[in-house]
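Please look over the structure below before reading on. The paragraphs that follow go through it region by region.

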Amino acid sequence: MPLIALVREVSAALADCELSFVAREPINLELAKRQHAAYVQALTELGCEIIALPALDAMADSVFVEDVAVVFDEVAVMTRPGASSRREEGASVALALSRYRSLLRIEAPGTLDGGDVLRCGRHVFVGHSARSNAAGIDQLRELIKGFGYSVEAVEMRGCLHLKSAVTAVAEGIFLINRDWVDADAFAGFQLLDVAADEPHAANALRVVVDGQSGVIYPDCFPQTLVRLHAAGIAVTAVDLSELQKAEGAVTCCSLLLQSDRMTKATAVA
């Protein structure tokens, strides 16, 4: 069963992105596009089939497709992003996902960003953040409980999304910044701490294709990268410096889904 990676090209308006926990810096748009292309190439080399959506130049944050949908084995949930400027991004993503999954939706007054949703088997951790509120978390719980999923809200601090603070890097192993999330929420898992002076280093993208696991990871966190290598985790390092200035990270830029309905089309208008 192929692993699909749905991505979107970088918006020409990227420099106008929403920011919450990082200071605004000049963004080199052409470099951002080259870095994104290298990220997509890394996904390809790990065995993903790519669906590439065209840029939405009126929507600065639209490259961060993870936030507008959450994909499960049986269904996809279209979110209602916490930033009102991002709520129109999901239409073309929904069209693409509808080829592979039935769609459900988070409705007002709920808000939910996909970057706050961390799935581990049938258990789903959801960050209670500035972007994902209690109503959104409760709606997600109700929408997916019939498929056998449980949802646990996790309190966080000091960062945009739950996946800014913790991500899965191998079966049963989470990379974590304990300053931003309570580690007790992840009791029973092996926790690998980021380096103390690399607070943004907890975001990693695990890719599993045909039983082979790899991790796409930013190259700007060398101390934490050493820890990943020491734990025996296969890492593909990428440079996403310009997208990081837009408060993006490696999980933000793709939606991964298993499907046995893959078509030859790799682009959606």
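The face of H1 turned away from its buried side carries two exposed residues, Arg34 and Glu45. Here buried means under 20% relative accessible area, exposed over 50%, and partly exposed in between, with a 1.4 Å probe and protein chains only. Helices (H or I, at least four residues) and strands (E, at least two) are DSSP runs, numbered from the N terminus. This is a predicted model, in which local features need pLDDT of at least 70 and side-chain atom pairs count only at pLDDT 80 or more, while totals for chains, interfaces and linings use all residues. Residues are numbered from 1 along each chain as its sequence is written, and side-chain values use heavy atoms, with hydrogens and water left out.

On the buried side of H1 are Ala32, Gln35, His36, Tyr39, Val40, Ala42 and Leu43. They lie on the same side of H1 because they cover an arc of only 150° around the axis; the arc is that of the directions from the helix axis to the C-beta atoms. With 17 residues, H1 should span 24 Å at 1.5 Å a residue, and its end C-alpha atoms are 24 Å apart, which agrees. The expected span is 1.5 Å times one less than the number of residues.

What caps the N-terminal end of H1? Asn28 does, with a side-chain oxygen 3.2 Å from the backbone nitrogen of Glu30. The backbone nitrogen of Asn28 in turn lies 2.8 Å from a polar atom of the Glu242 side chain. A polar contact is a pair of N or O atoms within 3.5 Å; within protein, one must be able to donate a hydrogen and the other to accept it, and residues adjacent in sequence count only if both atoms are side-chain atoms. Just after H1, Gly47 takes a positive phi of about 105°.

Glu242 belongs to helix H6 (residues 241–244) and counts as buried because its relative accessibility is 4%. Leaving aside neighbours within four places in sequence, Glu242 is in contact (heavy atoms within 4.5 Å) with Pro26, Ile27, Asn28, Leu31, Ala32 and Gln35.

In soluble globular proteins, nonpolar side chains tend to be buried together. A nonpolar core is a set of buried Ala, Val, Leu, Ile, Met, Phe, Trp, Tyr and Cys residues joined through side-chain atoms within 4.5 Å. The largest such core has 28 residues, and Leu14, Tyr39, Leu43, Val207 and Ile216 touch the most other members. Strand E1 (3–8), H1 (29–45) and strand E12 (205–209) each supply at least two residues of this core. H1 gives the largest share, 5 residues. Not counting residues up to four places away in sequence, Leu14 touches Ile27, Leu29, Ala32, Ala60, Val63, Leu243 and Ala246. A second, separate core of 17 residues includes Leu53, Val65, Leu97 and Leu257.

Ala60, one of the residues touched by Leu14, is in the loop between strand E2 (49–53) and strand E3 (69–71). Its relative accessible area of 10% makes Ala60 buried. Cys17 is 43 residues away from Ala60 in sequence, but the two are 5.0 Å apart in space, C-alpha to C-alpha.

Strand E9 (residues 166–170) is largely enclosed by the rest of the structure, because 5 of its 5 residues are buried. E9 runs antiparallel to strand E10 (residues 173–176), joined to it by 4 bridges; two strands pair if DSSP finds at least two bridges between them. Ala170 has Ile173 as its bridge partner in E10. The hairpin has 2 residues between the strands, and Gly172 takes a positive phi near 75°.

The loop between strand E5 (102–105) and strand E6 (117–120) holds Pro109, which a cis peptide bond joins to Ala108, with omega about 10°. Asp113 is in the loop between E5 and E6 as well, and is buried at 1% relative accessibility. Its contacts, leaving aside neighbours within four places in sequence, are Asp67, Pro81, Gly82, Arg131, Ser132 and His161.

Most residues other than glycine have a negative phi, and most peptide bonds are trans. Asp210 has a positive phi, near 55°, and sits in the loop between E12 and strand E13 (212–218). At 67% relative accessibility, Asp210 counts as exposed. Glu247 also has a positive phi, near 65°, in the loop between H6 and strand E15 (255–258), but Glu247 is buried, with a relative accessible area of 14%.
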